[in-house]
Amino acid sequence: MNWLPFGPDGGDARAFAADPHDHSHLYLGTATGWIYETHDGGANWKRLASIGKRDDLALDSIVIDASNSKHMVIGAWVLGSVDGGLFISHDGGVSWQSNAEMRGQSIRALSAAPSDPKILVAGTLKGVYRSTDGGEHWKLISPEGSQELHEVESIAIDPVDPEAIYAGTWHLPWKTTDGGKSWTNIKQGIIDDSDVFSIIVDPKDPKVVYASACSGIYKSQNGGERFLKVQGIPSTARRTRVLMQDPQNLNIVFAGTTEGLFRTGDSGANWIRTTGPEVIVNDVYVDPGNTNRVMLATDRGGVLVSNDGGKSFLPSNSGFSARQITAYVADLARPAVIYVGVVNDKAWGGVFVSDNGGLTWSQKSAGLNGLDVFSLGQASDGTVLAGTGHGLYRLQGEVWSPVSDVSFAEDVGAAASRAGKKSAGPAKKAASAGKARVVPESAKGFDMSVNAIARSGDVLYAATSAGLLRSATAGGSWKLVGGLNRQGWGSVSATRSIVVAATMQSAMFSSDGGHRWEEVRLPGVLKQLSSIAVDDTGGIWVGGREGVFVSEDRGMTWQPLTGLDIRDVNSIFYDEASQRILITADSKNTIVFAVHLPDRSVRYWNVGWSLRMVRPVGDHFVGATLFDGIVIQPQMVDSSKVAAQ
């Protein structure tokens, strides 16, 4: 049984499509290959299907057959790649098949002819393609190998004449009136080299055409023969990703930009911004049955909904989660209270907290100022700490406060060895005792990445880009740990007095709470270390592309685990309460492994998701997916009773 998704709600939403026979039944495309649906106009969403069974497909184009709403076509593309594809469903989006003729195409636009739903037109990086049988077969209708008509970002089809097609490219728009036999560059009035993101044709007067580009919004009243630039949109908001008309009042046009939503009620003569400038709008949907209901698909903020014609908006993300979770910590005193940290969501991200084991979440990010959270930890007094790309923060009440009391003066006399070197002789120790290494002025302050936080008793450790730090004051003040090279540390693990710190290529071990250190010789077959953990017997666990290895003698010898077929390890965690090591791997693996100590018996669970990490909550697990928030093991499955491998 697949584990169940539970948020936190929100994230990147890309595109809407509405069932032509039920305006409350909508589909939502994401940037991670998932398609969602709602049957109540966006009040509640549920995951419907994973397109292409991969997590890097941006679903910006969803077409529903006006004559058969079970027939759907999706165009997909991949960020930073020429890859993508076209997918077809015949059962309302439950299952999808890849179209062989368009396989691998980066599809940036897809439209159906309003006058004939069997005619579809797709814009790709290679040009313009057309299908006359509902998407089953495709033909290139732009000049093959054209140096001008390629990299097609937007498509519009005349509402009456399906032979009249508009194509917006990364360098100006084009038009054909004969189904692609000939094309005209309709650039008059448009600033040269403009990326054309969206084109719409007035459904009642096809001569009225709107186009949005990186240089602004344009309007034509003669079918694209000449455009005039629409005034009233700030120059900083010129990247208008989508244009949408109110189907009941065509004088009302919405412009979704990278700096908010703009609305005009007089066909573009005057515009008003109705959201904050921080909102990045990817798509706009206006309910044709109730045009006061306007929905936005946005970056980071997910779905926003208006019930007053687009004048004000509120989030509507129940059931929709596209979060990248990178950090996790459970409350020491209240096991059902858990915190997660996310990245790439700015003001919509930071830290989320659940008080019921991950079933529901609330944002707790005041004071983080939109920073990405790479690590979370908790001091012995209950204080929660967040490691960001710009320092450490402590949660005080409902607000995060930056930690400023950080000392980078290293007491080298407190350490008996330095990274990669044996202990100094008695004469050298005496000469260096009590001296502090001088740190350059540029290294002072605490504006650096905090990659991991670990706790052992009352002591906290933080692996940062400027060295390993130690705190015995619940994270209120920190000191640089002596005996280690001053370098960036990617991970740290601590159990009792045992501490291990690591980079991708090296590791250091301490058995006395970080006072003395010795170098760990990593397994020779391990090319790059991705995760590390230490158990309470001093066993060191390391993982990477080649698998998982364990050493009981501080790295002198290593053994691979038998009965554990796993590669590309991304997380190793020591669950002290249950005396087990929990292991997850990258996007090609959906198996969670647990190695019980000391007999090293292996249990496993097929999660149905690719996980970044897994943690115990009571008698079940919580997993952090790569891009889709938290998933929870169904409670009817007791993790202690799963059969051993």
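Mentor: Here is a walk through that cluster and the core around it. This is a predicted model, where local features need pLDDT of at least 70, side-chain atom pairs count only at pLDDT 80 or more, and totals for chains, interfaces and linings use all residues. Residues are numbered from 1 along each chain as its sequence is written, and side-chain values use heavy atoms, with hydrogens and water left out.

The cluster is made of W3, W605 and F621. Rings of Phe, Tyr and Trp (its six-membered ring) pair up if their centres lie within 6.5 Å; planes under 30 degrees apart are stacked, over 60 edge-to-face, and the rest tilted. W3 and F621 have ring centres 6.2 Å apart and planes at 20°, so they're stacked. That pair links distant parts of the chain, 618 residues apart: W3 is in the segment before β1 (4-5), and F621 is in strand β60 (residues 620-625). Strands here are DSSP runs of E, at least two residues, numbered from the N terminus.

W605 belongs to strand β58 (residues 601-606), so the pair ties F621 to a part 16 residues apart in sequence.

What about burial? Buried means under 20% relative accessible area, exposed over 50%, partly exposed in between (1.4 Å probe, protein chains only). F621 comes out at 0%, W3 at 3% and W605 at 5%, and each counts as buried.

Key
Helix = DSSP H or I, 4+ residues; strand = E, 2+ residues; numbered from the N terminus.
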